[in-house]
Amino acid sequence: MRDAFYARIDQTLADIREQGLEKIERQITSPQGPEIDVAHNGKTVRVLNFCANNYLGLADNRALVEAAKATMDDYGYGMASVRFICGTTDLHRRLERDIADFLGYEDSILFAACFDANGGVFEPLLTAEDAIISDTLNHASIIDGVRLCKARRYRFANSDMGDLQTQLRKADADGARTKLIVTDGVFSMDGYIARLDEICRLADQYSALVLVDDAHATGFMGPGGKGTPAHCGVAERVDILTGTLGKAMGGGMGGFVCASKNVVHLLRNRARPYLFSNALTPALLGAALKTFELIRDGDALRAQLFRNAERFRAQMAEAGFELLPGEHPIIPVMIYDAKKAAEMAAALMDEGVYVTAFSYPVVPKGQARIRTQMCAAHTDEHVDRAVTAFAKVGKELAII
Ligand SMILES: *Cc1c(COP(=O)(O)O)cnc(C)c1O
């Protein structure tokens, strides 16, 4: 019986490999940044990095490193406790207040990651009498969190407001007590922004609550970097916001839920990933508190990020590449063919540009792409060098 188990594992891995879906992890030997050292073909190469979620370039920021060190000096290394036993410091509460104030909510609650925030947010708030209406392209952690909750599930086609309305009506017809619309603020494979203004209008019309996962937006999208709800002019209307400290906000670790005071208090009492998992460490808290200072004064960083995105977009279009339209610093370069996309990413690595190809099942079949992500720390020279490499490889592979 045990042999059969291990044989099955081997077969599954062989299938993954055969379908060209095996993930290989390149090893980085420098700090995360716009240029990184990566092990490649038996040596270390310095390459441009166009695939990190390091939108504001804070991952190697000296002030954050120093804040993490100083906080460790004062508070030590580990917490060795969940929050409610003996794992809450004044820093945890300060950070929760900072997050809530920055994003305009009464309170917030920290989790080990946004994956845990989404995994834990639904089950305590809704029961079998309620309805969750979720965008089909929502992040895996939302899908898992919704599965763990007893509420009835309704799905609407990605950003399809007609379908959302249909599902809201269905939930009403089924007698839902509370309806919660759930969407990513930004759909990360496309860089598309959720139509939050229309979603909130429908939410008003059908008396529904709205939850937005703003992982790919907090800190840089919208006025003051306050995210997609602010970008769409509906910051006041979004009831619950989940987010991460692991992307633009320094790229460390930690997730959060922002909501009303009592919703947050109920989550503290009932959310399982919060109750049964270790508290965030002092180093993370110290750096995260510093991040919020930088973000509050971050207009220059945000402007640079969007200038880089414009420069890359304009030059890539000029070179003849097909890009998905949009305003987000995620810029997908459409290749369509999965094998070609993988070849392209490999060839770009040889040219000193680190990017990743995405194909089925992460994106629909025949929609393979290279997803590039801009960073405020990219210089004009970085952007130009990347475009030159793309153009060279694109011609070699007959993509342009
Ligand atoms: C990255 C991401 C997450 C997970 O965030 P972590 O803090 O890394 O767990 C959740 N939701 C969305 C939409 C994401 O893009």
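## Strand pairing and the ligand site

In strand E13, valine 353 is the bridge partner of leucine 48. Two strands count as paired if DSSP finds at least two bridges between them.

This is a predicted model: local features need pLDDT of at least 70, side-chain atom pairs count only at pLDDT 80 or more, and totals for chains, interfaces and linings use all residues. Residues are numbered from 1 along each chain as its sequence is written, and side-chain values use heavy atoms, with hydrogens and water left out.

E13 covers residues 353-354 and pairs with E2 in the parallel sense over two bridges. E2 (residues 43-49) also pairs with E1 (residues 35-40), here in the antiparallel sense over six bridges. Valine 38 has valine 45 of E2 as its bridge partner. The two strands E1 and E2 make a hairpin with two residues between them, and asparagine 41 in the turn has a positive phi of about 50 degrees.

Seven strands form an open sheet with mixed pairing, in the order E3-E11-E10-E9-E6-E4-E5. Its edge strands, E3 (107-111) and E5 (152-156), each pair on one side only. On average, neighbouring strands of this sheet are turned by 20 degrees against each other, direction ignored. Within the sheet, E4 (residues 131-135) and E6 (residues 179-184) pair in the parallel sense over four bridges; alanine 131 has lysine 179 in E6 as its bridge partner.

Helix H5 (residues 114-121) lies across E3, E9 (209-213), E10 (240-244) and E11 (255-259), and runs at about 155 degrees to E10. Contact means heavy atoms within 4.5 Å. Axes are lines fitted to C-alpha atoms, for helices over the stretch in contact, and angles run from 0 to 180 degrees between N-to-C directions.

The table lists polar contacts, which are pairs of N or O atoms within 3.5 Å.

| Residue | Polar atom of the residue | Distance to a ligand oxygen atom |
|---|---|---|
| Cysteine 114 | backbone | 2.8 Å |
| Phenylalanine 115 | backbone | 2.9 Å |
| Histidine 216 | side chain | 3.1 Å |

The protein covers 83% of the 390 Å² of accessible area that the ligand has on its own (Shrake-Rupley method, 1.4 Å probe).

Key: Polar contact = N/O pair within 3.5 Å; in protein donor to acceptor, adjacent residues only side chain to side chain.
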